[in-house]
Amino acid sequence: MLAVRRASASPTAGRAWQILLLGVLVTIAVIAVSTTPGWRLLDLRLFDFLSTYKPPPKPENSPVIVAIDEPSLAEIGRQWPWPRDLHGELVAALRAAGAKAIGLDIIFAEPSSQVGDSALEAALGPDVVLAGDETVVTSPHADQRVRVEPLLRFQKTGAVTGIASVLLDADGTVRRVPPYADGFASSLLGVADKGAVPALPPGALIQTFGPARHYETVSYYQALRPNEFLPPDFFRDRVVIVGLSMQSAPSIDAGGADAYATSWTLRSRHLVPGAEIQATLYDNLAGKLFVTPAPLPAVALLTAVAALIGCLAVWRGTGWPTLVSGIFAVALTTMVTFLLLALHRVYLPPLGPSLAFAAVAAVQSARDYAAERRLRRTVTRAFSQYVSPVLVERLAADPQQLKLGGERRMLTILFCDVRGFTTISEQMKDDPEGLTLLINRLLNPLSDVILKAGGTIDKYIGDAIMAFWNAPLDDPDHAVHAIQAAEGMLVAVERLNAERLKEAEGTGVTPIPLKIGVGINTGPCVVGNMGSDFRFNYSALGDPVNLAARLEGETKAYGVSILIGEETVKQIGGGIALAELDRITVKGKSQVVAVSTPVAAAQETLTRHRAFVADLQRGAVREDDPRLTSLAGELPQLAGYYQWAKRRAAAPIVDPNKTFVSRT
């Protein structure tokens with residue numbers, strides 16, 4: 001019997017608390033991990049990708065780059081560093097061409113020749129920004145900030161000093177706006193627009209506009225003689241940044257002087273000259289295009305929301321919809337991040353929320369998978385003793401097909417009992433172990449036949465078996481399969497009798513042959529877990545069950561091994577050759593039931609048998625009717641039935657209210 005212990009709490013409530021706890025733990029873990037340097041670097045890598053996917057257009061009147069490049073080195077014909085009087089000549093030429101602000105991204109911290117320094121000093125003025133540098137030197141004892149500025153004589157000209165140092169993240173990429181109040185780009189903006197520089201949020205990120213050489217660039221030698229090499233008024237009202245900028249920006253592997261990786265390096269694989277980085281910083285400040293990183297509370301809140309959505313996605317179960325919802329959630333989070341970046345210049349990292357959702361879904365999916373595997377093992381262990389292996393596999397694949405608590409189904413029920421078991425028990429009264437072994441030898445092959453025919457064994461009652469078909473899984477041919485099982489059980493008994501007879505050879509003891517009777521009936525029943533709150537069995541209840549048991553008992557009276565109810569005959573629809581034997585009422589029942597048994601005979605013989613049964617029911621058969629002998633010869637499996645018919649013909653009991661013979 002299949003016994004299942006009922007859970008003490010609602011599985012739905014337990015699952016809800018487990019999922020909520022999982023969501024809380026995942027949220028805490030993701031927030032904690034998101035504060036680590038490695039995680040922050042991953043977030044910044046995502047920023048590189050999203051900020052360069054569809055960047056905003058470069059602002060109008062962006063700075064012009066005057067590049068100290070290979071053509072200039074070749075044209076000027078002097079070794080770098082060039083004399084400072086040449087830089088003074090450049091400043092004068094740019095001012096004469098109408099430049100409104102000039103930034104020299106070159107540090108003049110050490111004196112050079114007197115002539116050169118004097119010439120540069122004479123050219124400088126309030127419209128010029130000179131580069132400075134600030135470096136933090138770290139030692140085991142203290143961190144020392146070293147600031148390098150232009151020569152004092154240059155500063156006294158009114159030229160502004162701007163710190164041109166850039167900040168590098170752990171991967172060597174420039175992504176953040178330097179936090180210097182007197183940064184090179186902010187100082188240049190102050191000179192050009194004569195206005196206040198916008199306040200920067202903590203950790204402001206740089207919005208890049210393109211790869212290296214994206215800014216309008218001219219060579220140094222061209223800027224020395226703009227009337228000769230450049231269009232008229234090329235520098236008019238423009239901001240000019242002078243610095244090293246090679247024609248072919250150096251690659252990441254090759255490196256290069258004053259060149260750095262930026263967010264665009266992810267796509268271009270090339271470093272960006274420092275002068276162009278300063279131009280990008282200028283545009284970020286002038287257009288307020290820098291990006292504000294979302295504060296940690298906002299990231300934590302979005303992470304918690306993503307974990308909650310993950311909990312809702314797995315609330316009722318996991319499967320392929322969980323995967324689809326996971327992909328959708330990650331895509332939606334990324335889209336929200338992109339829209340915030342594009343429309344509001346705020347970067348809300350999508351990695352943490354995406355991981356929170358994925359972690360909840362993955363962990364719960366793993367838990368559900370493990371639970372399903374346990375359930376499959378439980379179902380397999382529980383039903384492998386009662387149901388055919390094929391049905392066990394189907395139940396294990398889809399445990400939902402096993403509905404607990406009872407349901408109404410059309411079942412075909414089979415009862416099987418050993419004939420003469422009392423005599424066998426008496427013969428073996430001094431050998432109870434041998435009797436148990438004999439019963440097991442009989443029940444094993446009978447059970448095997450039932451299971452192979454797709455039946456479910458309800459219970460063993462001593463030497464009897466109750467089984468049914470069409471539950472827990474659907475079986476459209478349940479009536480046919482039950483009859484086939486009954487016929488197979490008869491064969492199994494004959495095989496066992498032959499084995500026992502062979503085993504008894506030479507012992508002088510002839511074993512009592514085993515015989516069985518089988519009753520089969522079909523009808524609507526309630527099937528499910530029946531019992532108490534503490535223990536229950538998977539069983540079937542209903543009037544058709546009782547009738548099947550009664551039919552099994554009637555097989556002895558009719559001298560046949562199998563007796564089949566009328567509803568079962570209707571279910572098979574002529575698929576199996578059957579011979580009707582009688583229309584009876586059984587003990588405890590008032591309903592008239594036509595009973596039949598399977599036979600192997602020609603159709604003409606079955607036709608004559610049906611005519612004989614009709615005459616017998618009308619009381620029109622005499623005990624000397626020749627058909628009793630002829631039909632018994634043609635249908636030897638019904639020999640016992642014709643003996644019963646002969647006795648019936650000799651002393652019929654006719655019910656005056658009915659047209660059939662009723663045994664009482």
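**View 1. The lining of the largest cavity, sorted by residue class.** In this predicted model, the lining of the largest cavity is made up of seven nonpolar, five polar and one charged residues. The space inside the largest cavity comes to about 120 Å³. Of the 13 residues that line the cavity, those closest to its centre are T208, T262, V272, E276 and T280. Among the elements that take part in the lining, helix α11, which covers residues 274–286, gives the most, with three residues. When cavities of 30 Å³ or more are counted, the total is one.

View 2. The residues W17, L20, L308, L312 and W315 together make a nonpolar surface patch of about 550 Å². Two helices, α1 (11–33) and α12 (296–313), each supply at least two residues of this patch. W315, by contrast with the residues supplied by those helices, is found in the loop between α12 and α13 (320–344). Because its relative accessible area is 31%, W315 counts as partly exposed.

**View 3. L20 and its neighbour across the sequence.** L20, one of the residues of the nonpolar patch, has its place in helix α1. With a relative accessible area of 35%, L20 is classed as partly exposed. Although L20 and C311 are 291 residues apart along the chain, their C-alpha atoms are separated by 6.7 Å.

View 4. D182 forms a salt bridge with R147, and the closest N and O atoms of the two are 2.1 Å apart. This pair links distant parts of the chain, since D182 sits in the loop between β6 (160–163) and α7 (184–193), while R147 belongs to strand β5 (residues 143–148), 35 residues apart. D182 counts as partly exposed because its relative accessibility is 27%, and R147 is likewise partly exposed because its relative accessible area is 35%.

View 5. The side chains of R175 and D169 meet in a salt bridge, with 3.1 Å from N to O. R175 is buried because its relative accessible area is 0%, and D169, at 14%, is buried as well. These two residues also belong to a network of salt bridges that links R45, D48, D169, D171, R175 and R176.

Note on methods: Residues numbered from 1 in each chain as written. Predicted model: local features only at pLDDT ≥ 70, side-chain atom pairs only at ≥ 80, totals over all residues. Heavy atoms only, no water. 1 Å grid on protein atoms, 1.4 Å probe; cavity = no way out; pocket = protein on both sides within 12 Å on 5 of 7 lines; lining within 4 Å. Points joined across faces, edges and corners; volume = space filled by probe spheres on them. Helix = DSSP H or I, 4+ residues; strand = E, 2+ residues; numbered from the N terminus. Nonpolar A, V, L, I, M, F, W, Y, C, P; charged D, E, K, R; others polar. Patch = residues over 30% accessible without salt bridge, like charges linked within 9 Å, V, L, I, M, F, W, Y side chains within 5 Å. Areas by Shrake-Rupley, 256 points an atom, 1.4 Å probe, with all protein chains shown as cover. Salt bridge = Lys/Arg side-chain N within 4 Å of Asp/Glu carboxyl O. Buried < 20%, exposed > 50% of the residue type's maximum accessible area, 1.4 Å probe, protein only.
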